[in-house]
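Subject: Structure for you to look at

Dear colleague,

I am handing over the structure we spoke about, and below it I have set out what was found in it. Please read the notes with the model open beside you.

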Amino acid sequence: MDRYLIMKDGTVLTGKAIGAEGTAIGEAVFTTAMCGYIQTLTDPSYYGQLVMHTFPLIGNYGAIPEDAESDRPYLAGYIVRELCAEGSNYRKKLELDEYLKQNNVVGICGIDTRALTRKIRSGGVMNAMITSDLKNLPEKLAELKKFRVKNAVENTTCKAVSRVESENTSPRVVLYDFGAKKNIERVLVKRGCDVIIVPAHTTAEEALALKPDGIMLSNGGGDPADNLEIIGEIKKLIAANIPMFGICLGHQLLALANGARTVKLKYGHRGANQPVKDIVTGRTYITSQNHGYAVKGDTLDPKKGTVRFVNANDKTVEGIDYVGPQFSVQFHPEACGGPQDTEFLFGRFEKLMEECHA
C-alpha cells in the first residue's frame, strides 16, 4: 500500500506503508546510528518526532523487546529506506514490522532517505506527516505549520516512585525521570548504586527526604526551556549542595537552573558517532547522542561553571563542570547501543558522592 511523507515546505515523497495504520505528525529528524534500532524506537527523547535512519537497511536482526530503553516507543512515526522482512538473530522474538504494528507506530519505507537527509541538513528540522491520504493537502500543510512538540516530559515520565537495589545498595541515587533511558538505571545498579526513580515533577523537598547521596538528572524530549517548574526545583537542589549528574535534557535543565540559556540546533545531533573533545585533557571521545537543543556556552556565568566538553564538529557545548558538586554532559555515557568510551563519568559521579559524604 502506498504511503506518503508530506513535508512542511510542500514536498511529498511516495513510499510503502510499514507498521500501524493511521496518520503520524511530528518533527522529521535523522539518526546516523547503524545499529540499535530497538533502542532508538524506545528512547523517550524522540517524543513527538518522525525518526529517519540514514542507514539504508533496518530490521535485519528483528525485534528484541528486552533491549528496549522504555516501556514502549514514544516517537511519532518511523522512516526507513528498506525494512528487512525477515531478521536473523537468536534473540529475535518477532519481526520489526510486527513490533511496529503491536506498538501502534506508523511508518513509511521505500523513500530516498539520502535526499531527505540532505534536505534536513540544509533546511533544518522540518515538521512532516506520514499519511495514506493526500486529500485536502492545503489543510494538511496548514496543520504542519502549526505543529510544535509539547508536554514531552509530562508524557514520558514515570507515574510513581520505584526502587532498584544493587547488591551493595550504596550509594543511594535519586534518578529524576524526564523520559529516562533504562540503561542509565542499569549502569548505576551495575556500579553498585541503590537507585530510586522519581517522576519529573518531584519537588526538591521530596527528593531530599529520600536521603540520597546524589541526584541523577535523566535525558528526555522537547524544549528544555518549557520546564519552568522543574528548573525551579533543580535550583533548590543546587542550593542544597548535593552531588548531581545531568545527562542530555538533564544537562540542559541544570544549565538553565544555573542561569544559562539553550538554543535549538539546525538539525541536532542524533547517532552513535559524535566526536566530543575534553578541553581539560585534550582527548576526543566518540559518543552516542540524541538531542535537538544545546546550551549556549557564552551565557554560562563563569562564577557558576565552566565548559568541559565541546563537540569537535560544530563546537557546541557538550559538558559543563560546576563550582558546586555538580556536572553534566550532553552526550550519553550510558550509550546502548553505541560507544561506551565515556562510561567512566559514572565513576566520577560515584567519587563525587563519596567525597561529599565522607
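Two rings of Phe, Tyr or Trp (for Trp, its six-membered ring) are taken as a pair if their centres lie within 6.5 Å, and the pair is called stacked if the planes are under 30 degrees apart, edge-to-face if they are over 60 and tilted for the rest. Please keep in mind that this is a predicted model. On that definition, a search of the whole structure finds 8 aromatic pairs.

One of these pairs is formed by Phe 245 and Phe 327, whose rings are stacked, at 4.4 Å centre to centre and with 20° between the planes. Since Phe 245 belongs to strand 14 and Phe 327 to strand 19 (residues 326–329), the pair ties together parts that are 82 residues apart in sequence, and both of these residues are buried. Phe 245 also pairs with Phe 349, this time in a tilted arrangement, at 5.6 Å centre to centre and with 55° between the planes. Phe 349 lies in helix 10, so this second pair ties strand 14 to a part that is 104 residues away in sequence. The relative accessible area is 0% for Phe 245, and it is likewise 0% for Phe 349. Taken together, ring pairs link Phe 245, Phe 327, Phe 346 and Phe 349 into a cluster, and the charged end of Arg 348 sits over the ring of Phe 327, 4.2 Å from its centre.

Helix 6 (residues 182–190) has as its buried residues Asn 183, Ile 184, Glu 185, Val 187 and Leu 188. These buried residues pack against several elements, including strand 14 (244–247) and helix 10 (344–356), as well as strand 12 (194–199) and strand 13 (214–220). Just after helix 6, Gly 192 takes a positive phi of about 95°.

In strand 16 (residues 284–295) you will find Ser 288, which is buried, with a relative accessible area of 9%. Apart from its neighbours within four places in sequence, Ser 288 is in contact with Gly 271, Ala 272, Phe 331, His 332, Ala 335, Gly 337 and Pro 339.

As for the cysteines, the structure holds 0 disulfides. Cys 84 is in none, and the nearest cysteine sulfur to its own, that of Cys 109, is 12 Å away. Cys 84 is buried, with a relative accessible area of 17%, whereas Cys 35 is partly exposed, at 47%.

How values were computed
Residues are numbered from 1 along each chain as its sequence is written. This is a predicted model: local features need pLDDT of at least 70, side-chain atom pairs count only at pLDDT 80 or more; totals for chains, interfaces and linings use all residues. Side-chain values use heavy atoms; hydrogens and water are left out. A disulfide is a pair of cysteine sulfur atoms within 2.5 Å. Buried means under 20% relative accessible area, exposed over 50%, partly exposed in between (1.4 Å probe, protein chains only). Helices (H or I, at least four residues) and strands (E, at least two) are DSSP runs, numbered from the N terminus. Contact means heavy atoms within 4.5 Å. A charge sits over a ring if NZ of Lys or CZ of Arg is within 6 Å of the ring centre and within 35 degrees of the ring normal.
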